[in-house]
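Q: I'd like to learn how to read helix packing and aromatic pairs in a model. Can you walk me through it?

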Amino acid sequence: MKKYDAIIIGSGQGGNPLAKKLAEAGWRTALVEKQYAGGTCVNVGCTPTKAMIASAKAAYIAANSGDWGVEIPEFKVNISKVINRKDKIVESFRSGSQTSLEKTNNLDFIFGLASFKDQTKIHIQLNDGGTEEISAPKIFIDAGGRPAIPEIDGLQDCPYFTSTSMMELKEIPEHLLIIGGGYIGLEFGQMYRRFGSKVTILEHSERFLEKEDKDISEEISKILEGEKIKILTNVKVENIRKSNDHLTISFSIAKENKTIDCSHILLAAGRTPNTDLLNTKSAGIELDDRGHIVVNDKLETTAEGIYAIGDIKGGPEFTHISYNDFVILSGNLLNGKHQSIKDRIVPYTMFTDPQLGRIGITEQEARKKDLNIQVLKIPMEKVARAIETGDTRGLMKVIVDAKSGEILGAAVLGSEGGELMTLIQMAMLGKIKAPQLKYMIFAHPLYAESLNNLFSLFEED
């Protein structure tokens, strides 16, 4: 049995830099990956979806080019070329990641399925055949998750797609029905509508995007429905049946039974952690009721010497959180720091077009906590840069402490909304308050300049 100082399970956006950092610090390190270097983000998540969304944006611009005075009589979406472009980008990122890992001294990169034998020993079913067992006093789990498959009567007898398999489909669905109206479902729905599919989205929650403020979710709904995407909420899917040339979904809305026919189904009902592959019980690792690994504020599991990072521990499941987990963990282990994941400000962006950039507290959360706030809001149609570039969809909104002027949260729904949100995030971290942003000099005519107008709404005592 090979003995290491550290074993990392999963080469995602936290596992990769952690493996390299530990190895470079002199730890004899093993990194075990069951499929591809780079994890979910590079291979089946952020990188491929955003590449395909860019192609969908090009189709949207071509279809609406007359609005800019450029007449394109006709155009065609070549889905095979879209997928080939995506594949080239993924392969570039993946191979770069693998090469970097393989060149790192003190690091063994092993392809296989890892599972625990006990608290320090790992069994590996090697991808090229055979098995191997390794051990280490420190083990780090970055094994991620996969698309959840909901229990729906008849689903097992019908063809369906997940966010992973959908990106390999070399045809454009005639009618794509998406089960799940979360961020993934919306990104895919808009993408395929722009490619030419009819799109229907079924969402089980009573309110569309219920974690977002109502005005934000209503504006997103308005934008998507403006592109002729049909969104139904408060839906309970009863069963799915396959006919010769179509699929029939039976569902209810407020106890009213309905059916709809479609050509393809995409399941976008969340993700499930890969803990069922790890034999965590043998190591004494506690899981929560959804199968995520329980960790404390320093990413330690209930088993001594074992840590978990990224999506597999639950909480906000974003690539940038996985990377920040690495930053916190490596700082604590290698540099004697006492960093914690508690109370960190978590930004995120939904890559619909326009984007939704979000940071900090929402208005509905602030109201629930009975905070003394001012809500500042302007529509993008009042933003000069948006008017000039020809896309005035969306709005900008910030939540500000009414007395101090401290920025508590923001939602930017608009062109480059994620980039604008990041400016506000930096202001929050730098303790820059609303009155300062009201008078700050921004270059004209940037989107950022609109922060002057937005924060000018703050009423000072």
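This is a predicted model: local features need pLDDT of at least 70, side-chain atom pairs count only at pLDDT 80 or more; totals for chains, interfaces and linings use all residues.

Q: Which residues in H1 meet which residues in H8?
A: On the H1 side they are Pro17, Leu18, Lys21 and Leu22, and their partners in H8 are Tyr323, Phe326, Leu329, Ser330 and Leu334.

Q: What describes two packed helices?
A: You use the angle between their axes and the distance between the axes. Here helix H1 (residues 15-24) packs against helix H8 (residues 319-335) at an angle of about 20°, the axes being 9 Å apart. Angles under 35 degrees count as roughly parallel, so H1 is roughly parallel to H8. The crossing of H1 and H8 is right-handed.

Q: On to the rings. What describes a pair of aromatic rings?
A: The distance of the centres and the angle of the planes. The count in this model comes to six aromatic pairs. One of them joins phenylalanine 109 and phenylalanine 111, with 4.7 Å centre to centre and 45° between the planes, and it is tilted.

Q: Is phenylalanine 109 buried or exposed?
A: Buried means under 20% relative accessible area, and phenylalanine 109 counts as buried because its relative accessibility is 15%. Phenylalanine 111 has a relative accessible area of 24%, so this residue is partly exposed.

Q: Which residues do ring pairs link into a cluster?
A: Tyr183, Phe318 and Tyr348 are linked that way.

Conventions
Residues are numbered from 1 along each chain as its sequence is written. Side-chain values use heavy atoms; hydrogens and water are left out. Axes are lines fitted to C-alpha atoms, for helices over the stretch in contact, and angles run from 0 to 180 degrees between N-to-C directions. Helices (H or I, at least four residues) and strands (E, at least two) are DSSP runs, numbered from the N terminus. Angles under 35 degrees count as roughly parallel, over 145 as roughly antiparallel, 65 to 115 as roughly perpendicular and the rest as oblique. A crossing is left-handed if the near helix is turned anticlockwise from the far one by less than a right angle, and right-handed if clockwise. Contact means heavy atoms within 4.5 Å. Rings of Phe, Tyr and Trp (its six-membered ring) pair if their centres lie within 6.5 Å; planes under 30 degrees apart count as stacked, over 60 as edge-to-face and the rest as tilted. Buried means under 20% relative accessible area, exposed over 50%, partly exposed in between (1.4 Å probe, protein chains only).
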